[in-house]
Amino acid sequence: MARWSATHPWRAIGLWVVFVAVCFAAGSWVGTNEASDEDMAQGESARATEIVESGDFDDPAEENVLITSRSGTLDQAAATAAATDAARRLGALEEVAGVGEPARSPDGQALLVPVTMAGDEESSDERVGALLDETTAVQADHPDVRVEEVGGASIDKGVTDQVANDLKKAEFISLPVTLLIMLVAFGAIIAAGVPVLLAMSAVGAAFGLSALASHVVPAVDTISSIILLMGMAVGVDYSLFYLKREREERADGNSHVRAVEIAAATSGHAVVVSGVAVIMSMAGLYLANDVVFSSLATGSIIVVAVAVLGSITVLPALLAKLGRRVDRPRVPLLWRLTNRAGPPRVWPRLLRPALRYPLTTLLLSLAALGALAWPALDLNLKSSGEDDLPRAIPVMRSYDRLTEAFPGEGVNHLVAVRAEPGQAGQVRDQLTALYDRTRDDPLYASVAPPEIQVSENGRVALLDVPTRQAPGSDGATRSLEKLRTELVPATVGSVAGAESAVGGAIAWDVDYTGNLSDRMPLVIGFVLLLTFVIMLVTFRSLAIALTALLLNLLSVAAAFGTLVLVFQHTWAEGILDFHANGAIVAWIPLFLFGVLFGLSMDYHVFVVSRIREAARRGMPTKQAVEFGISRSAGVVTSAAIVMVSVFAIFATLSMNEMKQMGVGLAVAVFLDAMIIRVLVLPSLMALLGRANWWPGRIGHRAQTRIDDHPTEQLPEIPQPAR
């Protein structure tokens, strides 16, 4: 493929441009199919959602205009005037179906105007802007009180706007940062721009392809951020590996096409293997049987596959067409620093402890990584909810004031019952009895009269049971368990043939994390098995395959420990601008596991391939390890800096999910590139000696092949000084 692209560069470049344009245009044309609550529900929550859907309820979006005092006691006259004005303004909008009577809070310090939106609930966040504009106008006319709007649609819009702003921020920062790192790595502007250009084109194509794929696997709202994060990281890395090797071969006197061929047979081969490893690792997430993981896996697989395709098609074409012009224009100081002749000096010194004292270095490194991983034993999972959204979103501060003034407007358990129409009266009586049992229970916040909704055919009845317990807390779990195991069976359970289920935000969280706990061993086992098989097939060595699993598990465990240390405690709140809730977002660890196992293959395959090249030329194990790691250290370090920088940018975004993912990935990649590859890998391979290649025969006799390409001859490898 590389040879064809290098000898037909304009065709390869043209086909790539058409491919990216068609993918992006097709995705924009069909749009994105977003996952619904029904798609994401698990366990009894899914059954509750199904019962609600079968009732065919007319469930329009509800908004609330909250009027409170800016300080001190509420001015009742001013509040009433503001409520009247809000009802008049909002009631005149075509987006509003009706405005209810103002309700006063139990302590009299807040006034609530309920607003029912017209149209379906799913698109309400797109139409709520007109309501928010009128609420802002009411606030301007009544400055003596605080007037704000809160509801599902306004919260969704606030979150969507924040995610969009975060994505723009990530794009705005990541591009110049990546370009700067590439300039330092190559010392030339065109060479620095090529990896970034390929990465951005891969991201653009993946955006379009993921939109198409969402009509098969519904997409979640974080998919765009994941595609950008993964695409920039792997797209730049793959190009970096390829470009560095091509430049090295040209420096050894090979022609442009010949240099591209050798780079394809070595670095290109490593890119394909690492790309397949990432894809296989992400494919394991499908076994979670969860739409969130399926969506994230689909987006990640698409962008990695496109990046791999670009690195073995359009990248060789660009390099062959540019030739030596890829090293122009040069940045004088950086060019001299990155293109110094002679063997590396720094890395052999860094490797000296691992190669001279391998056992001591290995034990100390394992102890340090184990200490960092130890906090992961206290990992606590929790689904993200309203309480976890950043308070930088204005509507979330309004939400806090709403739940404080009106506890019943906070988190609710949803009791859904389906029975025969003739049993509707009995179901209503039992739901009323259930609600009465919760009135004096501190686990609940049942103060207002129960509101029981019944479908038109009389088969489905719904009851909201309010609670002050935040999702993910022990109190929330106890309140759900009491409903499911005691209150519902004792009341609704007495209705013969009735089917019941308890849903709501708390139930969704409990059922979701429960499904993850059940599925996690299956996903982890699948990823470990496939990683082992890929490494075994690639290197034909049982020892290399097993050590790859060990090293990846070390970096992943250390990343999990860091997540617990940072996000389950409060010491880093001021640094990263978040609120610790004592838990990690439920889907983060399993997603990180799949991503990190795949990304770790980038460095491992690339570094071990260089070591094997030297070993096949007959170098002793320690010298081969020193040569392979030293020769690949520059590109691995540059690639790691790119990944860490891109991931660290996501740690500065607003959403907790992005912060946790950014920190976890950045820490794992840093440890993988700087600790695992500098200390653990060389010391372990030095101890194993020739056993590294068992059951192969590498190290017993010199060989001159590059992988399985007998026509590709390695350049002369100088023997390192003893």
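Is Leu 212 buried, exposed or partly exposed, and at what relative accessibility? At 34% relative accessibility, Leu 212 counts as partly exposed (buried is under 20% relative accessible area, exposed over 50%, partly exposed in between, with a 1.4 Å probe and protein chains only). Keep in mind that this is a predicted model, where local features need pLDDT of at least 70, side-chain atom pairs count only at pLDDT 80 or more, and totals for chains, interfaces and linings use all residues. Residues are numbered from 1 along each chain as its sequence is written, and side-chain values use heavy atoms, with hydrogens and water left out.

**View 1. Leu 212 in its helix.** Look for Leu 212 in helix 9, residues 189–213 (helices are DSSP runs of H or I, at least four residues, and strands are runs of E, at least two, numbered from the N terminus).

View 2. Phe 578 sits in the loop between helix 22 (573–576) and strand 11 (584–585). With 9% relative accessibility, Phe 578 counts as buried. Beyond its neighbours within four places in sequence, its contacts (heavy atoms within 4.5 Å) include Val 566, Phe 567, Asn 656 and Lys 659. Ala 392 is 186 residues away from Phe 578 in sequence, yet their C-alpha atoms are 9.7 Å apart.

**View 3. Phe 647 and its partners.** Setting aside residues up to four places away in sequence, Phe 647 touches Leu 229, Ala 233, Leu 599, Gly 662, Leu 665, Ala 666 and Val 669.
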